[in-house]
Amino acid sequence: MSRLIETHRARNPRLLLFHAFVVGLVLMLLGKLTYLQFWQTTLYSEKARVQNQRRVIVPGPRGNIYDRDGNVLVGNRPRFSVVLNLAELRSEFKAEYKKIEANYAKVAPGDRPNDNQMARIARASVAQHYLDQLNFILNRHATVRTADLNRHVNQTLLLPYVLLDDLAPEEYARLIERLQVTSPLQVYTSSTRYYPYNAAAAHTLGYTGVNNDPEVEDFEGEDLLTFKMKGLFGRGGLEKIFDEQLQGETGGAIYLVDPAGYKVNSRDLPHRLPVQGHNIFTSLDIDLQQAAEKAMEGRMGAAVALDIQTGEVLVLASRPDYDPNTRVPNLAPEQDVEKSGVWLNRAIQGQYPPGSTFKIITAIAGLRAGSIEPASSTSDCPGYLMVGNRRFPCHLHSGHGRRDLVGALRDSCNVFFFKYGLETGPELIAAEARRFGYGHPTGIELPFEFSRPRVADPAWKKLHSLDKTWFPGDTANIAIGQGDTLITPLQAACMVASLARGEIETKPTLLHVANRAPQRTAPIGLPPRDYAAILQGMAQCYAVGTGRFARVEGLSGAAKSGTAQKGRIDLAWLVAFAPLENPQIAVAVVLEGALDDDNFGGGTYAAPVVKAILEAWQTKSERPPVKPVNFKVN
Amino acid sequence: MLPKRFDQARPFATLGFVLLGWLFVPLVLKTFTRATFFEIQAPLTVADSFVRDLQTFWSNRLHSKDELLKAGQQVAGLAAQYDFSVQQNEQLQAEILRLENLLKLPSMPAFRYEPARVARRDFSGWWQRMIIRKGANYGITTGAPVVFAGGVAGRVTEVYRYTAVVDLITSPTFRLAASVAGDSRPISYQGGLNNSFKSPRGTVEFVPLDIYATRGVTKRLVTSGLGGVFPPGLSLGEISSLELSPDGLFKYGEVSLDERLGSLTEVTVLVPLNPEEF
């Protein structure tokens with residue numbers, strides 16, 4: 001039979017035609033295959049790669065922030081979670097799905113859930129099964145959030161699904177001992193910001209927010225479907241300003257997946273571990289900072305301390321404050337917090353009239369203009385001065401009596417400064433204030449510094465006030481730091497630091513550099529005798545005058561108190577520096593108070609805060625060699 | 001009649017059919033078969049172990065009297081030391097009991113100590129485990145800690161009637177919550193890929209940043225007791241190196257384990273008195 005067929009085939013031309021047709025088809029197929037394999041291979045390989053590979057991006061932890069002694073002010077706290085690797089559970093999902101399908105087999109088709117719903121039920125059931133294991137080990141009663149789980153499966157299947165978050169160390173320990181190494185349940189660690197000193201320097205350090213789209217640098221696979229773990233970004237303070245430096249180096253991995261998106265084991269695909277960001281070493285001294293904040297407990301205001309020689313900021317405190325630990329990873333503003341104004345960094349954003357601390361500027365302006373002569377300029381203070389037909393009171397209503405420059409600074413006599421301020425003139429006083437940096441922001445490395453500090457003078461009033469005429473009373477006001485001049489506590493501290501160095505400007509910085517060279521700016525331009533008169537007045541103020549409550553036993557210093565009003569708020573100021581012989585630390589403190597407190601003043605309210613800072617500094621610092629001064633202090 | 005070629009391939013075909021059939025056998029039956037196989041194999045393993053013991057016994061008998069006398073003296077010295085330790089332990093236990101009564105504290109979860117002879121060891125890279133000559137017949141349960149003179153030996157992973165399988169501390173599948181001696185913070189200890197004839201090693205993860213260890217200055221790693229399986233304070237090994245993890249959150253490093261893990265002959269299983277707590 002077969003022989004017959006062979007014979008028939010050989011003789012039938014139609015069969016040959018058929019053979020030729022088949023051969024032609026095969027050749028076409030081979031041709032297409034060759035074309036695809038040789039000419040289109042790159043294109044299809046690329047398509048397959050894009051379809052079969054997924055990229056997972058893991059942001060690196062942020063760098064730490066340290067104080068000048070190396071204490072961690074902001075670090076990263078490990079956050080332990082238990083995650084379920086859904087990508088490993090495909091077979092379990094399938095088995096559960098079949099079980100559910102079988103259970104619903106007898107239910108009428110109309111009442112039966114559709115395939116999608118059954119798949120969701122199956123997934124939730126499997127996840128709950130694993131969660132029950134955790135509940136048993138940890139004695140919890142957690143349940144799976146079905147909607148959350150389904151969203152995760154649909155959008156980020158490759159990423160582990162978090163079943164339990166922020167575990168206690170004991171829980172984490174139980175789990176690593178009880179969960180099998182090969183289990184789809186694994187303990188996962190991520191990092192979250194941690195502020196070991198809680199609210200200390202909260203405004204300066206800042207806080208972070210959640211970054212849902214962390215940047216990826218130099219990691220291949222940009223064209224692949226990418227899943228990104230959440231990162232953090234700086235939203236305030238140093239966290240914001242140095243965000244770029246603090247950001248960690250993003251890590252990532254590329255996984256091979258099957259058409260359903262489940263991970264397939266594969267090797268030799270790119271993988272890079274995330275790397276922690278750069279650390280920042282601040283100039284803050286946490287001991288001094290805490291001392292200042294403790295002294296300001298329950299108050300509203302700000303305190304700043306600077307290293308006089310380098311301009312490094314030792315303390316930058318603002319009250320009320322907040323604990324950034326309660327705001328990570330998510331910032332959840334609370335109504336009461338918003339109302340109390342804790343977000344305002346009063347040290348750099350508070351706009352305050354400088355009060356009697358401004359008398360230092362008035363004195364320098366008068367000395368430089370020649371209107372004040374230390375040896376002969378005196379005033380007789382009866383407790384007020386009539387300027388035009390208006391009575392300008394001194395803070396001591398009974399009057400100070402006769403006062404020279406030193407005595408006026410010591411006792412903060414308004415009448416002396418009314419008199420000589422009027423002689424000096426508002427333009428020169430304002431120019432002196434600007435020379436000391438009161439007219440512009442300090443440029444400290446913090447966001448949202450008060451950018452338009454104001455030094456009032458006739459030109460300013462003409463431009464910005466409804467009543468454009470400058471009266472002698474305005475001059476009297478600005479001479480004692482009242483009126484429209486507004487500064488920040490940081491500017492006040494910079495002024496004192498500059499004065500202590502005998503210079504006109506201090507550039508504050510929050511970055512600590514070991515052995516930083518001292519700042520050098522233009523000198524004040526006062527003869528030594530005039531300069532010494534100001535220091536003597538301030539030294540007496542610190543020792544026996546209005547600033548005496550700031551005095552620290554065994555530490556010489558210079559101070560100037562002040563009281564001012566802003567609207568219905570009283571302000572208590574005290575600026576100081578120490579030691580007198582070899583100035584190292586400058587301090588400025590302002591506290592807000594109520595008008596109904598008669599005793600409210602810089603010498604009584606702000607002085608204890610200055611004292612606390614100086615005491616902490618004295619306890620901690622190694623004293624430099626003492627140089628004698630050539631004037632009488634007491 | 002089947003073609004001759006098929007006849008030749010019949011054994012392979014049969015094997016193929018059997019394997020195919022095995023694929024469809026229910027899981028319960030497979031597990032049962034495996035367990036039965038192990039149970040059948042167990043007497044052979046145990047017998048083999050006894051034979052080896054006998055062999056050791058006879059080889060020991062070949063030692064001269066002088067050697068035996070010296071060994072006896074050493075043993076006597078050790079026994080005296082152990083006697084002293086036992087007395088100290090008894091005193092300490094009495095003190096613990098007194099304090100517990102005084103403070104009305106509940107007693108710590110107690111274990112029953114079940115010494116067991118090692119029947120077979122498997123220290124290949126894959127199976128860092130051993131079989132001990134006691135099983136369910138002595139009340140040994142799955143998950144029970146296993147210790148030896150040097151500290152933790154492993155954990156019971158499978159229990160049969162007369163034998164039990166112990167996952168050794170050197171195994172990559174062994175993990176527990178440890179801590180550095182004198183520090184209460186938990187650290188994850190895991191076995192490593194240990195090659196035969198090399199010093200046993202494990203790894204530690206999630207080590208707090210303020211813990212330092214080098215080859216010169218090692219840190220003793222002990223069980224933390226936080227995991228609820230192992231009692232606290234059992235020695236695991238010495239942390240011999242630590243490195244900062246890339247994310248900067250922790251350190252990770254290597255643990256040098258007791259060399260005697262490679263020649264274990266006797267271990268003790270800590271059988272929990274109240275298994276429900278474990």
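**The contact between the chains, and its surroundings**

Modeller: The model is predicted, and I shall begin with the contact, to which chain B gives 20 residues and chain A likewise gives 20 residues. On the side of chain B that touches chain A, the elements that supply two or more residues are β6 (175-180) and β7 (187-191) of chain B, and β6(B) provides the largest share, 3 residues. Sorted by class, this side of chain B consists of 10 nonpolar, 7 polar and 3 charged residues.

Elsewhere in chain B, helix α3 (residues 65-103) has 39 residues, which at 1.5 Å a residue should span 57 Å, and the distance of 55 Å between its end C-alpha atoms agrees with that expectation. Of those 39 residues the number buried is 0, so α3(B) lies largely in the open. After α3(B) comes B:Lys104, whose phi is positive, near 55°.

In chain A, a residue that can be described in some detail is A:Met495, which belongs to helix α20 (residues 489-501) of that chain. A:Met495 counts as buried because 27 other C-beta atoms lie within 10 Å, where 20 or more are needed. When its neighbours within four places in sequence are left aside, A:Met495 is in contact with A:Phe436 and A:Gly437. The C-alpha atoms of A:Met495 and A:Glu505 are separated by 6.7 Å, although these two residues are 10 residues apart along the chain.

How values were computed:
Residues are numbered from 1 along each chain as its sequence is written. Chains are lettered from A and ligands numbered from 1 in the order in which they are written. This is a predicted model: local features need pLDDT of at least 70, side-chain atom pairs count only at pLDDT 80 or more; totals for chains, interfaces and linings use all residues. Helices (H or I, at least four residues) and strands (E, at least two) are DSSP runs, numbered from the N terminus. A residue is buried if 20 or more other C-beta atoms lie within 10 Å of its own, exposed if 12 or fewer, and partly exposed in between; C-beta atoms are placed from the backbone. Two residues are in contact if their C-beta atoms, placed from the backbone, lie within 7 Å. The expected span of a helix is 1.5 Å times one less than its number of residues. Ala, Val, Leu, Ile, Met, Phe, Trp, Tyr, Cys and Pro count as nonpolar, Asp, Glu, Lys and Arg as charged, and the others, Gly among them, as polar.
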